[in-house]
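Try each task before reading its solution.

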Amino acid sequence: MGFKALCLGLFCVSFLSYIYTPIPDNIEETWKVMALDAAAKTCTLMALCLENIGVMRYEEFISMIISLDYTQPLSDEHVTVTDTTFVDIPVRLYLPKRKSEAPRPAVIYFHGGGYCFGSFKQRAFDFLNRCTAKKLDAVVVGMDYRLAPQHHFPAQFEDGITAVKFFLQDKILAKYGVDPTRIAISGDSSGGTLAAAVTQQVQTDPEVKHKLKLQALLYPGLQVIDTSLPSHRDNEHGIVLTRDIAIKLVSLFFTKDEALPRAMRKNQHMPLESRHLFRFVNWSALLPEKFRKDHVYTEPMLGRSAYSLPALMDHRALPLLADDAQLQHLPRTYILTCQYDVLRDDGIMYVTRLQNVGVQVFHDHVEDGIHGALSYMTSPLYLQQGLRIKDMYISWLDKNL
């Protein structure tokens, strides 16, 4: 009996130490954040255990949990909501019911989820897109895309660019009453990555007649060639999203080969021929001093991987790798970053690079923000910071679109 109690006690201590993350003093609603973080880490632990014993893969378990939060396309007194497809790619349309003599603006939104799970059907994204349509009197398009690891890069980019180019056709814009000069593209987390990559492509593609007026990127991940940025170190065991889980998800975006995440954890995953790309992500030059702190920059070890993965050098997957000639064509940009986010420095470096080539950039940095805050805007455990970020994002669109 005593031995069993000891084992149970040790298990409980180990479990609690795994899920416990200290919450910084400046974060409001501390207990809510602790509960959300504990729930996220518990789900992660269960998913990893199930994967290790061969029951189901990590991302399959998380997808199953997230799918419980999916919504149906329910219209209300302000907006007509319908699910349809753009060239076989699922989208959810939000069309304002208010009559308008003039064409309306439009917002295209890509959901986050580490490229491995998620959908525009999630309650938080449905709420966000519905609010955007109401506040801006705009047509909003929530877009899905094929998910990893069943579909690796470039499937997600291909879906994104195909759906956006379909929407930008004259006949489609006319069908939905959209002003072709007032179209924005947005996304959070991996959806922000996809939005950034699609924008780079659209703005430089001579075959695309109508260009995007704005892009809004909410705590995006924009590079993985250096996995030892100050934000990676500061938030290694971060709230909701840890460095290890971020690496696991982005690795699945590219390959199922377990060698990649192992190499990424050591920051030894890039080939010798990638050396020229590191000037685009050199945080010692691109981050303001307040984010560099006392961290010392060292270039990652190159050529240590036993395999080659060209996608790791493709700016369609990692928009920070685009050269200045590509970046200077980008539209007015909104970037929101969160202090307690492993991806924080990606967005801040993109701000610097866009400013350096003359792109108009507005940067909101949320000092008490955590990654994925927009996913927590609905009951039972909604966060005020999620609602605040929603308001900041929609307000910027309202002023600039």
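**Exercise 1. Two prolines**

In which loop does proline 154 lie?

Solution. Start with the ground rules: this is a predicted model, in which local features need pLDDT of at least 70 and side-chain atom pairs count only at pLDDT 80 or more, while totals for chains, interfaces and linings use all residues. Residues are numbered from 1 along each chain as its sequence is written, and side-chain values use heavy atoms, with hydrogens and water left out.

Step 1: proline 154 is found in the loop between strand 4 and helix 5. Helices (H or I, at least four residues) and strands (E, at least two) are DSSP runs, numbered from the N terminus.
Step 2: look at the bond that leads from phenylalanine 153 into proline 154; this peptide bond is cis, with omega near 15°.
Step 3: proline 149 also lies in the loop between strand 4 and helix 5, and the peptide bond from alanine 148 to proline 149 is cis with omega near 0°.

**Exercise 2. The sheet**

Work out the strand order of the sheet and find what packs on it.

Solution. Step 1: the 8 strands form an open sheet in the order 1-2-4-3-5-6-7-8, and the pairing is mixed. Two strands pair if DSSP finds at least two bridges between them.
Step 1: at the edges are strand 1 (79-86) and strand 8 (361-370), each pairing on one side only.
Step 2: from one strand to the next, the twist averages 20°.
Step 3: strand 3 (residues 104-110) and strand 5 (residues 178-188) run parallel and are joined by 6 bridges. Within this pair, tyrosine 109 has serine 186 in strand 5 as its bridge partner.
Step 4: helix 5 (residues 155-167) packs on the sheet and touches strand 1, strand 2 (89-96), strand 3, strand 4 (139-143) and strand 5. Its direction makes about 170° with that of strand 3. Contact means heavy atoms within 4.5 Å; angles run from 0 to 180 degrees between N-to-C directions, and axes are lines fitted to C-alpha atoms, for helices over the stretch in contact.
Step 5: check the loop between strand 1 and strand 2, where valine 87 lies. Valine 87 is a residue other than glycine with a positive phi, near 55°.

**Exercise 3. The annotated active site**

Which residues does the UniProt annotation "active site" cover?

Solution. Step 1: the unreviewed UniProt entry lists Ser189, Asp341 and His371. UniProt positions are given in the numbering used here, feature names are shortened, and annotations may be inferred rather than shown by experiment.
Step 1: these residues are spread over 183 residues of sequence, yet they cluster in space, with a largest C-alpha distance of 10.4 Å.
Step 2: serine 189 sits in the loop between strand 5 and helix 7 (190-204).
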